[in-house]
Amino acid sequence: NAGVTQTPKFQVLKTGQSMTLQCAQDMNHEYMSWYRQDPGMGLRLIHYSVGAGITDQGEVPNGYNVSRSTTEDFPLRLLSAAPSQTSVYFCASSYSFGTSPYQETQYFGPGTRLLVL
Amino acid sequence: DQQVKQNSPSLSVQEGRISILNCDYTNSMFDYFLWYKKYPAEGPTFLISISSIKDKNEDGRFTVFLNKSAKHLSLHIVPSQPGDSAVYFCAASAKEYGNKLVFGAGTILRVKS
């Protein structure tokens, strides 16, 4: 069981470039989410998905797109990177009841550190 | 405005003593609270939780206390061990908001041997 995997571990982008942060889980979890962690701010929810084909916005969705074509994968796309998107990004997955995550089962990936110049 | 606040950025404790990490919240709709632990270069991992219908939950060396009237919770670690050195995040959720987590900024705990 690999759990939640994220690639890349670290990325440097120039302003305006696009990229996709990959996230995969092998626990058959329905609920997946993306967070960003900034100094002094804790983790903030960007987007989440309650199952394949279903996504919704979190607290800070602007500048990010997601899709969920399979249960396993939940990529996060930055269409035109900005310095304000410099952050550490965490993907997480969990079991769910209905459309709500079962929080105690939430597993986080190791994170992707993104620097936008 | 942050709805979940951890006002102490860091805490240093001697091995064997008690560590007390504090968390305050402002939204009275929150009905579930969790603590996560994070080591460097790893994602957060779930540690312990408490429902708003309880005032205490214990799991081994870890105990979480909830004071709803004060909108305050705390995590006690007894006895503290060097392996407990990590960042601790407090998080809260509400059924009304789909149980999505709202995190505090975290407290860095250093346990000195």
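This is a predicted model: local features need pLDDT of at least 70, side-chain atom pairs count only at pLDDT 80 or more; totals for chains, interfaces and linings use all residues.
Residues are numbered from 1 along each chain as its sequence is written, and chains are lettered from A in the order in which they are written. Local features need pLDDT of at least 70, side-chain atom pairs count only at pLDDT 80 or more, and totals for linings use all residues.

A search of the whole structure found one cavity of 30 Å³ or more. On a 1 Å grid over the protein atoms alone, a cavity is a set of points where a 1.4 Å probe fits but cannot get out; a pocket is an open set with protein on both sides within 12 Å along at least five of seven lines; lining residues have an atom within 4 Å of a point. Volume is the space filled by probe spheres set on the points, which are joined across faces, edges and corners. The lining of the cavity includes A:Tyr31, A:Tyr35, B:Asn99 and B:Lys100.

The largest pocket has a volume of about 620 Å³. Among its 31 lining residues, A:Gln37, A:Val88, A:Phe90, A:Arg113 and B:Lys38 are the closest to its centre. Strand β13(A) gives the most to this lining, with four residues. Strands (E, at least two residues) are DSSP runs, numbered from the N terminus. The second largest pocket holds about 350 Å³. Strand β5(A) gives the most to its lining, with three residues.

Pairing requires at least two DSSP bridges between two strands. Strands β3 and β8 of chain B pair over six bridges. B:Leu21 stands opposite B:Leu75 in β8(B).

Notes
Side-chain values use heavy atoms; hydrogens and water are left out.
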